[in-house]
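This report describes the secondary structure elements of one chain and how they pack. It begins with a database annotation and then takes up the helix pairs and the sheet.

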Amino acid sequence: MQSEEVVRGMLYLSLTVVGVPGNTAVIVAFLLALYQEHQLLPADAIVLHLACANLLVVGVRCLLETLATFRLVNIFGDTGCQGVIFVYRTSRSLSIWLTFVLSAYQCLSIATPGSRWASIRVLVARYLAVIFLTLWVINTSMSSAAIAFSLGSRNDSVNMQHSINVQFCYVRFPTMQSKQVNGAVQVGRDVVPMGMMTLASLVILVFLYRYSQQVKGLRSSSGASGGAERRAAKAVVVLVTLYVVLYGVDNGLWVYTLTVRKTMSSSLISDLRIFFSSLYAALSPLVIIATNRKVNSRLRCVVQERPVQDKATTLSTV
């Protein structure tokens, strides 16, 4: 195994080791909250959905890439490539749009009660399931090109024009125009929510700045709910900043890939794209665990209950 393959495998392994347990922990924490409280707040439901999408990104792409790189399991035939790339692109774009929905909802949450924006927040919360379904339909349909154009690397695709080398697979387009159109659609699908979530984050930052100016030198008399909203707002700003940086690099590399007319013999550019986009899916649960008290408290309870159960089991066997 070449050193380049070892480095590549270790990078994907690091994303898998961080991302799979992290997103799983977030999902388990919210499922425990749902079981105990019989409902989830709209923002919590969005974060839960986001963690599920991120788990698909890391589990389907990074884990399988790691196994294939170290020659443990390789499912990247024609059908495997079509399935993996389709699920990866769908879950990746879902992660992007759900981050936007989270930032927009949090932006609406800091609106003055009784205002028009507060009424819109109520509508968003009421039709959240419809929003989720719409995002699934749109993103799965926009990822259908992966099924039509993906091939396993065993095909002699290096000499094919208008193809994208993604190590174990090739995405072969029939013409340069179809490659550029498909690429433009993918970029637009990322840039639109990026711009909107950046705007929402700027609104949140302005609100936080004005609030800090109002309470400067004074002891805050706001309730616990207001403090929770401000903590959630700061967490959303961190998530959006992380997204803009990592997916900005990802989209820059993707645009460069679209300008290359000949199929690249190396998958380095595609590997870097997948790494940076998957890095968000791996790091975002760490931000959620660190900033979300509901997730943090549920996980702490699980960790504390296990030693008690182990001790009880030990005493019962003595």
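The UniProt record, an unreviewed entry, lists residues 12-34, 46-64, 124-151, 191-211, 232-249 and 269-290 under "transmembrane region". The structure discussed here is a predicted model. Two of the listed spans can be set against the model. Residues 232-249 are 100% helix and 0% strand, with 26 Å between the end C-alpha atoms. Residues 269-290 are likewise 100% helix and 0% strand, and here the end C-alpha atoms are 32 Å apart.

**Helix packing**

Two packed helices are described by the angle between their axes and the distance between the axes.

| Helix pair | Axes come within | Crossing angle |
|---|---|---|
| α3 (residues 78-109) and α5 (residues 128-142) | 9 Å | roughly 140 degrees |
| α3 and α7 (residues 176-214) | 8 Å | roughly 20 degrees |
| α2 (residues 42-69) and α5 | 11 Å | roughly 20 degrees |

For α3 and α5, the axes cross at roughly 140 degrees. Angles over 145 degrees would count as roughly antiparallel, and α3 and α5 are therefore oblique to each other. The crossing of α3 past α5 is right-handed. On the α3 side the contact consists of F86, T90, S93, L94, W97, L98 and V101, which meet I131, F132, L135, W136, N139 and T140 of α5. By class, this contact of α3 with α5 has nine nonpolar and four polar residues, and no charged ones.

The axes of α3 and α7 cross at roughly 20 degrees, which makes α3 roughly parallel to α7. This crossing of α3 and α7 is left-handed. From α3, the residues in contact are R89, R92, S93, I96, W97, T99, F100, S103, A104, Q106 and C107. From α7, they are N182, Q186, R189, D190, V192, P193, M196, M197, A200, V203 and I204. The contact of α3 with α7 divides into twelve nonpolar, six polar and four charged residues. In α3, S93 and W97 take part in the contact with α5, and S93 and W97 are also listed in the contact with α7.

The crossing of α2 past α5 is right-handed. P42, A45, I46, H49 and L56 of α2 make this contact with L128, F132 and W136 of α5. The contact of α2 with α5 has seven nonpolar residues, one polar residue and no charged residues. In α5, F132 and W136 belong to the contact with α2, and F132 and W136 also meet α3.

**The sheet**

Strands of a sheet pair through backbone hydrogen bonds, either parallel or antiparallel. In this model, three strands form an open sheet in the order β1-β3-β2, with antiparallel pairing. The edge positions belong to β1 (150-152) and β2 (163-166); each has a single partner strand, so one side of each is left without a neighbour in the sheet. On average, neighbouring strands of this sheet are turned by 25 degrees against each other, direction ignored.

The pairing of β1 with β3 is antiparallel and comprises three bridges. Within β3, Y170 stands opposite L151.

The antiparallel pairing of β2 with β3 (residues 169-172) has four bridges. S163 has R172 in β3 as its bridge partner, while V166 stands opposite C169 in β3. β2 and β3 form a hairpin with two residues between the strands, where Q167 takes a positive phi near 70 degrees.

Conventions: Residues are numbered from 1 along each chain as its sequence is written. This is a predicted model: local features need pLDDT of at least 70, side-chain atom pairs count only at pLDDT 80 or more; totals for chains, interfaces and linings use all residues. Side-chain values use heavy atoms; hydrogens and water are left out. Two strands pair if DSSP finds at least two bridges between them. Axes are lines fitted to C-alpha atoms, for helices over the stretch in contact, and angles run from 0 to 180 degrees between N-to-C directions. Angles under 35 degrees count as roughly parallel, over 145 as roughly antiparallel, 65 to 115 as roughly perpendicular and the rest as oblique. A crossing is left-handed if the near helix is turned anticlockwise from the far one by less than a right angle, and right-handed if clockwise. Contact means heavy atoms within 4.5 Å. Ala, Val, Leu, Ile, Met, Phe, Trp, Tyr, Cys and Pro count as nonpolar, Asp, Glu, Lys and Arg as charged, and the others, Gly among them, as polar. UniProt positions are given in the numbering used here, feature names are shortened, and annotations may be inferred rather than shown by experiment.
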